[in-house]
Amino acid sequence: TFTYNYYLPSGVLGSHPELGTLYRDLIEAEVEPEIAAELVAGLVGPAERGARPEELARELGERVAGLVATSDELGRGEARLRVAALVGPPGAGKTTTLAKLAVRYGLGRRRRVHLVTTDNYRVAAARQLETFASLLVVEVTAIDEIRQLGPALDELQASGVELVLIDTPGHGFQELDRHGGELAPLLRARPDIDTHLVVSASTKPRDLRRILERYQEFGPAKLLFTKLDETQLFGTLVNEAVRTRLPLSFLAAGPRIPEDLEPATPQAVA
């Protein structure tokens with residue numbers, strides 16, 4: 001299970017209104033109060049020494065960046081075949097994100113790319129991936145039964161494919177119990193599959209927390225945030241990076257392929 005790590009205040013804000021302003025800005029961005037208090041408490045010393053507001057804001061950005069781990073690696077280990085799976089709730093944008101990754105980190109780097117879908121619950125999802133594959137001129141394999149995934153990956157490795165991207169069904173909370181039972185243990189059991197949990201940045205913080213709790217059974221190695229263009233409040237990126245201790249992998253902010261995707265960096269989050 002995820003280990004929660006709450007940041008508690010380590011000092012007082014003192015009589016510095018600029019620190020109160022920074023704290024308010026963090027809270028309004030939906031950074032959790034404990035994390036916001038810890039971040040701003042670290043600025044008391046510079047404020048006491050007469051730092052200007054812009055210097056305090058810059059140092060706050062550096063402190064935010066220091067809280068967030070990132071990794072834009074696709075795949076695990078040193079194997080030639082890199083395998084990444086995208087899991088997450090319905091509507092998070094997994095299939096579109098998969099197409100962006102295929103272009104930027106596959107075709108754009110002259111890698112042989114293959115797409116795999118395990119979503120045999122929604123005909124529209126399979127067709128969407130097939131459409132993307134046709135436009136990108138890459139092959140796609142549809143897996144009807146989860147037990148077929150392992151042999152399919154072995155065949156792809158033997159064929160010389162270098163990057164495999166796996167699309168998975170988006171299940172609501174009740175559907176996870178019925179349909180997630182086979183896929184989750186398989187992803188956890190295969191150390192060669194790099195699992196990214198895809199969530200929308202516009203999801204309400206409490207709902208996002210529930211999603212992360214429920215999807216932990218898939219053994220995600222990284223968090224991937226989408227739909228940054230649909231919100232102006234980004235505190236959840238910091239909250240969940242701190243809470244789950246999982247690195248952020250990519251940030252997506254729009255439908256364009258592949259332009260609306262960038263690696264998550266501490267500086268970008270800050």
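This briefing walks through the fold, the helices and selected side-chain pairs of one protein chain.

The model is predicted. The protein chain has 11 helices and eight strands. Of its 270 residues, 49% count as buried. Among contacts in the chain with a separation of 6 or more, 77% link residues 24 or more positions apart.

**The sheet**

- Eight strands make up an open sheet with mixed pairing.
- The strand order is β3-β2-β4-β1-β5-β6-β7-β8.
- The edges belong to β3 (139–142) and β8 (261–263). Each has a single partner strand, so one side of each is left without a neighbour in the sheet.
- From one strand to the next, the twist averages 25°.
- Strand β2 (residues 113–117) and strand β4 (residues 163–167) run parallel. Five bridges join them.
- Val116 stands opposite Ile166, a residue of β4.

**Helices lying across the strands**

- Helix α5 spans residues 94–106. It lies across β1 (82–87), β2, β4, β5 (193–200), β6 (222–226), β7 (248–252) and β8.
- The direction of α5 is about 175° to that of β4.
- Helix α10 covers residues 235–244 and lies across β6 and β7.
- Against β6, helix α10 runs at about 170°.

**An enclosed helix**

- Helix α2 takes in residues 33–41. Seven of its nine residues are buried, so the helix is largely enclosed by the rest of the structure.
- The buried residues of α2 are Ile35, Ala36, Ala37, Glu38, Leu39, Val40 and Ala41.
- Their cover includes α1 (17–28), α3 (44–48), α4 (53–67) and α10.

**Aromatic pairs**

- The count comes to two aromatic pairs.
- One of them joins Tyr215 and Phe218. The pair is stacked, with 5.2 Å centre to centre and 25° between the planes. It counts as stacked because planes under 30 degrees apart fall in that class.
- Tyr215 is buried, at a relative accessible area of 2%.
- Phe218 is buried too, with a relative accessible area of 2%.

**Salt bridges**

- Side chains of opposite charge can pair when their charged atoms come close.
- The model has 13 salt bridges.
- Arg190 and Asp192 form one of them, at 2.8 Å from N to O. Asp192 is partly exposed, with a relative accessible area of 27%.
- Asp207 and Lys204 form another, at 3.9 Å from N to O. That pair counts because the cut-off is 4 Å.
- Asp207 is partly exposed at 29% relative accessible area. Lys204 is exposed, at 57% relative accessibility.
- A network of salt bridges links Glu32, Arg209, Glu240 and Arg243.

**Arg147, an exposed loop residue**

- Arg147 sits in the loop between β3 and α7 (149–158).
- Its relative accessible area is 62%, so Arg147 counts as exposed.
- Arg147 forms a salt bridge with Glu145. The closest N and O atoms are 2.6 Å apart.
- The side chains of Arg147 and Glu145 also make a polar contact of 2.6 Å.
- Glu145 is partly exposed, with a relative accessible area of 36%.
- Leu186 is 39 residues from Arg147 in sequence. In space, the two are 8.4 Å apart, C-alpha to C-alpha.

**Glu240, a buried helix residue**

- Glu240 is found in helix α10.
- Glu240 is buried, with a relative accessible area of 2%.
- Leaving out residues up to four places away in sequence, Glu240 touches Leu208, Leu212, Leu223, Phe225 and Arg245.
- Glu240 also belongs to the salt-bridge network with Glu32, Arg209 and Arg243.

Definitions and conventions:
Residues are numbered from 1 along each chain as its sequence is written. This is a predicted model: local features need pLDDT of at least 70, side-chain atom pairs count only at pLDDT 80 or more; totals for chains, interfaces and linings use all residues. Side-chain values use heavy atoms; hydrogens and water are left out. Two strands pair if DSSP finds at least two bridges between them. Helices (H or I, at least four residues) and strands (E, at least two) are DSSP runs, numbered from the N terminus. Axes are lines fitted to C-alpha atoms, for helices over the stretch in contact, and angles run from 0 to 180 degrees between N-to-C directions. Contact means heavy atoms within 4.5 Å. Buried means under 20% relative accessible area, exposed over 50%, partly exposed in between (1.4 Å probe, protein chains only). Rings of Phe, Tyr and Trp (its six-membered ring) pair if their centres lie within 6.5 Å; planes under 30 degrees apart count as stacked, over 60 as edge-to-face and the rest as tilted. A salt bridge is a side-chain nitrogen of Lys or Arg within 4 Å of a carboxyl oxygen of Asp or Glu. A polar contact is a pair of N or O atoms within 3.5 Å; within protein, one must be able to donate a hydrogen and the other to accept it, and residues adjacent in sequence count only if both atoms are side-chain atoms.
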